[in-house]
Amino acid sequence: MSGTTRPLPSRLALFADRRFLLLWAAMLVSATGTFMLLLAVSAELLKRHGSGLGAASVFAFQWILPVVAVSLVRRLAESRQLRRTVILAEIAGAVISLAIGLLLTADLTVAVLACFLIRGLAEAVTKTSRVVLVKLMFQGPALTLASSTFNLSFYVGGALGGLAGAVAVEHLPLIGVCAVDAMTFLISAACYRALPDLRPAEDAAPRAPGRRRGAIAEALTLMRADRRLWLAAGYVVAATGVLQGFHNTARVVLPMRHLGLDESAVMHLQITSGLAIILGAVAIPVLGALARHRSFAPLTHLGACVMLWAVTLVAGETGLHLGYFAYIFLFEAAFTAAQAQLIQATPSRDMATMQAAVGALGTSLLIGCTLLSGALTDLMPLPVVAAITAGIGVVILLGIEAGSRHGIRKAAGI
């Protein structure tokens, strides 16, 4: 069966395409369950052990294996039996979610974190495979429309995960929340099962996976020779690592420990951050040339760093939501604008190298900032932790700007 179809005429036509609807629904359902489980377990660990590091570890452990085993993820996503691979990954996610609930009941925290390690790998395979499926199904203008619209399902799933979590933690024990999450993975697997079994063309043999260190070194060489590429990649890494890293800790510690609210407040804050992410992403194409201006990325990054610290100074739940909305909106705007610039500035032949390198660097920094901010909340007040994290963000911003000038001078032989 052919892996491509005629271009779709409009964005509206995408939602009349059964294949796109199934893909969109699969990502939406699994993202909703994922965010619900992550927040519920993180809040439960904070309540049980009173450790910000323990609460943040849930998010950090999700990303360790996808960074370490990036070649394995790529090989699985290039499988000729791609649909089967995705279905098995979703079923594995369901089984692991149930195991997390049982292990939490037995208070086996270390085993729970080990489950999140494996669960993160299965989710990385699914996420990568979804992109491959979109590319197999659409081409030309239809691919552009499908890719941008498809990503919104993840953002909406984040907001719905907070909403579903708020209801679930009020009416279900934690094992019940894990069971609901497992059901979302099974529903997602059923959506993939209903898709046609699309496969890469026989002449499109998968590229042999390279060594990650080599990809990073090659990407740095490309970035030093192109100031626009350096700036775009730098701000993608900074936003992913610092701004999202602190978000992983703050969305649980801030409402529960800093303001003394219960677990439902974590879910409510997730709804606010989910809406901010959606609007931040949508704002970039609306702003047009303004978002492509040279100063947009550093200013939005700086603004997000300021709000990262300022939100820890607010009093009351209303102030928390307003401040957090501003922080996440600026974070997502900075990330989306930099990512768009990265795609535009990268030559087609170097796209895979840049994406792999930037993804590995950003995720590594994210893990470090998540664990660091979580550990520091056990030692000092949250506003101090936020000030330290914001300071790290500003230092990285200055490094990106200084590095771009140095790289251009070096490339020019000055």
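**Exercise 1. Find which residues of helix H2 meet which residues of helix H5, then work out how the two helices are arranged.**

Step 1: Pick out the contacts, where contact means heavy atoms within 4.5 Å. From H2 come Ser-30, Leu-37, Val-41, Leu-45 and Arg-48, and they meet Glu-90, Ser-97, Ile-100 and Leu-104 of H5.

Step 2: Sort these residues by class. The H2 contact with H5 holds five nonpolar, two polar and two charged residues. Here Ala, Val, Leu, Ile, Met, Phe, Trp, Tyr, Cys and Pro count as nonpolar, Asp, Glu, Lys and Arg as charged, and the others, Gly among them, as polar.

Step 3: Look at the axes. Helix H2 covers residues 18-49 and helix H5 residues 82-105; their axes come within 12 Å and cross at roughly 20°. Axes are lines fitted to C-alpha atoms, for helices over the stretch in contact, and angles run from 0 to 180 degrees between N-to-C directions.

Step 4: Name the arrangement. Angles under 35 degrees count as roughly parallel, over 145 as roughly antiparallel, 65 to 115 as roughly perpendicular and the rest as oblique. H2 and H5 are therefore roughly parallel to each other. Their crossing is left-handed, meaning that the near helix is turned anticlockwise from the far one by less than a right angle, whereas clockwise would be right-handed.

A word on the model: it is predicted, so local features need pLDDT of at least 70 and side-chain atom pairs count only at pLDDT 80 or more, while totals for chains, interfaces and linings use all residues. Residues are numbered from 1 along each chain as its sequence is written, and side-chain values use heavy atoms, with hydrogens and water left out.

**Exercise 2. Describe how H2 packs against helix H10.**

Step 1: H10 spans residues 227-258, and its axis lies 10 Å from that of H2 at an angle of about 40°. That makes H2 oblique to H10.

Step 2: The crossing of H2 with H10 is right-handed.

Step 3: On the H2 side, the contact is made by Phe-35, Leu-39, Ser-42, Ala-43, Leu-46 and Lys-47; on the H10 side, by Arg-251, Val-252, Val-253, Met-256 and Arg-257. By class, the contact of H2 with H10 has seven nonpolar, one polar and three charged residues.

**Exercise 3. Decide whether Thr-184 is buried or exposed, and find what it touches.**

Step 1: Locate Thr-184 in helix H8, residues 174-193.

Step 2: Its relative accessibility is 11%, so Thr-184 counts as buried. The cut-offs are under 20% relative accessible area for buried, over 50% for exposed and partly exposed in between, with a 1.4 Å probe and protein chains only.

Step 3: Leave out residues up to four places away in sequence, and Thr-184 touches Val-29 and Gly-33.

Step 4: With a relative accessible area of 46%, Met-183 is partly exposed.

Technical notes: Helix = DSSP H or I, 4+ residues; strand = E, 2+ residues; numbered from the N terminus.
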